[in-house]
Amino acid sequence: EKEVVIARPPSSRLRLDWVHGCRLGDCRNNVLYTADADAIVYHAAGVAVVLHFRGDGYDADDGAEDGGDRAGRQQFCLEHADDILSMATANVVASGTALNAPALSVAEEEEVEGQ
């Protein structure tokens, strides 16, 4: 006799803390500055990443952070169901997939999920 197993979703949820690396092999021009040049935007798999490297008090001459609250933080857009293949930025970040079902995600730079 076969034992019936009822699968239930886990009671806890995973949280993405940091994305290491980006997709380079088959994509071009996929690491971009934001409009205010305080962050870079790139993608890894189906995640669009905004990496803040400047915050309030950043001095570009000495590289010191004097209280910038966002410097060294990543924000993520997890809306894609497939790998991201293209990305563009101006005052918004647009990312697109084309593998199974073409999709486009557009978000204001400040609306990307914060971590």
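Which side chain does the side chain of glutamine 75 make a polar contact with? The partner is histidine 52, at 2.5 Å. A polar contact is a pair of N or O atoms within 3.5 Å; within protein, one must be able to donate a hydrogen and the other to accept it, and residues adjacent in sequence count only if both atoms are side-chain atoms.

This is a predicted model, in which local features need pLDDT of at least 70, side-chain atom pairs count only at pLDDT 80 or more, and totals for chains, interfaces and linings use all residues. Residues are numbered from 1 along each chain as its sequence is written, and side-chain values use heavy atoms, with hydrogens and water left out.

**Overall make-up**

- The protein has zero helices and eight strands. Helices (H or I, at least four residues) and strands (E, at least two) are DSSP runs, numbered from the N terminus.
- Read from the N terminus, the order of elements is β-β-β-β-β-β-β-β.
- The protein has 115 residues, and 31% of them count as buried. Buried means under 20% relative accessible area, exposed means over 50%, and partly exposed lies in between (1.4 Å probe, protein chains only).
- The accessible surface is about 7,900 Å², with 50% of it belonging to carbon and sulfur atoms. Areas come from the Shrake-Rupley method with a 1.4 Å probe; for residues, only the protein chains shown count as cover.
- Among contacts with a separation of 6 or more, 43% are between residues 24 or more positions apart. Contact means heavy atoms within 4.5 Å.

- Strand 1 pairs with strand 2 in the antiparallel sense, over two bridges. Two strands pair if DSSP finds at least two bridges between them.
- Leucine 32 stands opposite valine 41 of strand 2.
- Five residues separate strand 1 from strand 2 in a hairpin. Alanine 37, in that turn, has a positive phi of about 60 degrees.
- Strand 2 covers residues 39-44, and five of its six residues are buried, so the strand is largely enclosed by the rest of the structure.
- Strand 2 and strand 3 (residues 47-52) run antiparallel and are joined by six bridges. Tyrosine 42 stands opposite valine 49 in strand 3.
- The hairpin of strand 2 and strand 3 has two residues between the strands. Its turn holds alanine 45, with a positive phi of about 55 degrees.

**Glutamine 75**

- Glutamine 75 sits in strand 4 (residues 74-77). It is buried, at 6% relative accessibility.
- Valine 49 is 26 residues from glutamine 75 in sequence, yet the two are 5.8 Å apart in space, C-alpha to C-alpha.

**Asparagine 30**

- Asparagine 30 is in the segment before strand 1 (32-33). Its relative accessible area is 5%, so it is buried.
- The side chain of asparagine 30 reaches the backbone oxygen of arginine 23 at 2.2 Å.
- Beyond its neighbours within four places in sequence, asparagine 30 is in contact with Arg23, Leu24, Val41, Tyr42, His43 and Met87.

**Salt bridges**

- The whole structure holds three salt bridges. A salt bridge is a side-chain nitrogen of Lys or Arg within 4 Å of a carboxyl oxygen of Asp or Glu.
- Arg23, Asp26 and Asp83 form a salt-bridge network.
- Arginine 23 is buried, at 17% relative accessible area. Aspartate 83 is partly exposed, at 28%.
- Aspartate 17 pairs with arginine 15 in a salt bridge, the closest N and O atoms being 2.8 Å apart. Aspartate 17 is partly exposed, at 47%, while arginine 15 is exposed, at 59%.

**Cysteines**

- The structure has zero disulfides. A disulfide is a pair of cysteine sulfur atoms within 2.5 Å.
- For the sulfur of cysteine 22, the closest cysteine sulfur is in cysteine 27, 9.2 Å away, which is too far for a bond.
- Cysteine 22 is partly exposed, with a relative accessible area of 30%. Cysteine 27 is buried, at 4%.
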